[in-house]
Amino acid sequence: MTNQNSPSPTPKRAIYGFVLYLSAHLAFLIYVLWAFLPDELLRAAGFTYYPNKHWAITFPFTLFLGFLLAFPIYMILSYFKSAPLNSLDTITDNYAKDLKTFPIVEGQISPIADLNISHINRNLYLDYKL
Amino acid sequence: MEVLTEDFGKMGCIFTVKHSRLKLLRLFIGFIFLLPLACFIELYTQELFILWGVVFLLVIILILRLNKKVISERLLVLPTIGLQIQSENWLGTLVTEFIEISCVKDVVINEAIRPFTVTFYLCVLTGDKKSQEIKEIRPLFTHSWLKLEDLKKVYSAIQIKLFKYQKEKTS
């Protein structure tokens, strides 16, 4: 079982790695050839159906912009997903456990449960100097 | 933004938050920014009816915006009766909401995420008359986000008056 989960090299992983290495180099070679060779040469060699040359610049630029914008987009998405002020999700959810449902035994460690918001408020915010 | 408190002892208390009707500094800065824009689109060379149309459109937008602009929010705390939440907007319209005391389960200070900030806000936890369960949260003072110190004062006052919370020592 530990053999399956350890990160040490195995023959299977070595083969996958080598295939990935070869295909990455091949893909890069094809990309460079497609980007730099003129259209007439490519057509003379027999390749007539390939993407427009401007993609050689557009695609890397789009990828780069994607990496740059990924963090702000992630932040904005999480703000969209956060619960509105009047939803019950801000104080509780379906998995909240009330402390009263557990029997209290003297001397034992108290069970893990969620604190009631009223209780927290009384302890934190109630002060009598008005 | 200050909270004005009117205390009536056992009968209750009123908390009012007022906003200024006219914010002169903002108007001035807005004017400074709009003037180059108007010159850029060469508004001074247009026909008279176009200018009147622009003025009419702006007045309509102003009225629509003033309809939603809240100038004061008030909370009436009436022990054994309930809570009344009132908000008045610029054109004078009053929106009032009353929550019965048996529906008010608690009034707490909650923290929530608003766009690009985390704020404290006071809210009423409401539920059915018979059950202990909390059905809804009604946020208070949503047009004037108060500081935590002010919220604490309002919270303490409500806890003492509505729930008769007795505590031996001060916190």
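A word on terms before the chains: UniProt annotations may be inferred rather than shown by experiment. Keep that in mind, and also that this is a predicted model.

Chain A, then. The unreviewed UniProt entry carries the annotation "transmembrane region" for residues 14–37 and 57–77 of chain A. In the model, residues 14–37 of chain A are 96% helix and 0% strand, with 34 Å between the end C-alpha atoms. Residues 57–77 of chain A come out at 100% helix and 0% strand, and there the end C-alpha atoms are 29 Å apart.

Chain B has the annotation too: its unreviewed UniProt entry gives "transmembrane region" for residues 24–43 and 49–66. For residues 24–43 of chain B, the model has 85% helix and 0% strand, with the end C-alpha atoms 25 Å apart. Residues 49–66 of chain B are 100% helix and 0% strand, and their end C-alpha atoms also lie 25 Å apart.

Back to chain A for charge. A negative patch on the surface is formed by Asp89(A), Asp93(A), Asp98(A) and Asp114(A). One of these, Asp89(A), sits in the loop between α4 (55–81) and α5 (117–125). Asp89(A) has a relative accessible area of 58%, so it counts as exposed.

Last, backbone angles in chain B. Phe116(B) is not a glycine, yet its phi is positive, about 65 degrees. Phe116(B) belongs to the loop between β6 (104–114) and β7 (117–126). Phe141(B), not a glycine either, has a positive phi of about 55 degrees, and is placed in the loop between β8 (136–139) and α3 (148–163).

Which of them is buried, and which exposed? Phe116(B) is exposed at 56% relative accessible area, whereas Phe141(B) is buried at 6%.

Notes:
Residues are numbered from 1 along each chain as its sequence is written. Chains are lettered from A and ligands numbered from 1 in the order in which they are written. This is a predicted model: local features need pLDDT of at least 70, side-chain atom pairs count only at pLDDT 80 or more; totals for chains, interfaces and linings use all residues. Side-chain values use heavy atoms; hydrogens and water are left out. Helices (H or I, at least four residues) and strands (E, at least two) are DSSP runs, numbered from the N terminus. Patches are made of residues with over 30% relative accessible area and no salt bridge: like charges are joined within 9 Å, nonpolar side chains (Val, Leu, Ile, Met, Phe, Trp, Tyr) within 5 Å. Accessible areas come from the Shrake-Rupley method with a 1.4 Å probe; for residues, only the protein chains shown count as cover. A salt bridge is a side-chain nitrogen of Lys or Arg within 4 Å of a carboxyl oxygen of Asp or Glu. Lys and Arg count as positive and Asp and Glu as negative; His and the chain ends are not counted. The place of a charge is taken as NZ of Lys, CZ of Arg, CG of Asp or CD of Glu. Buried means under 20% relative accessible area, exposed over 50%, partly exposed in between (1.4 Å probe, protein chains only).
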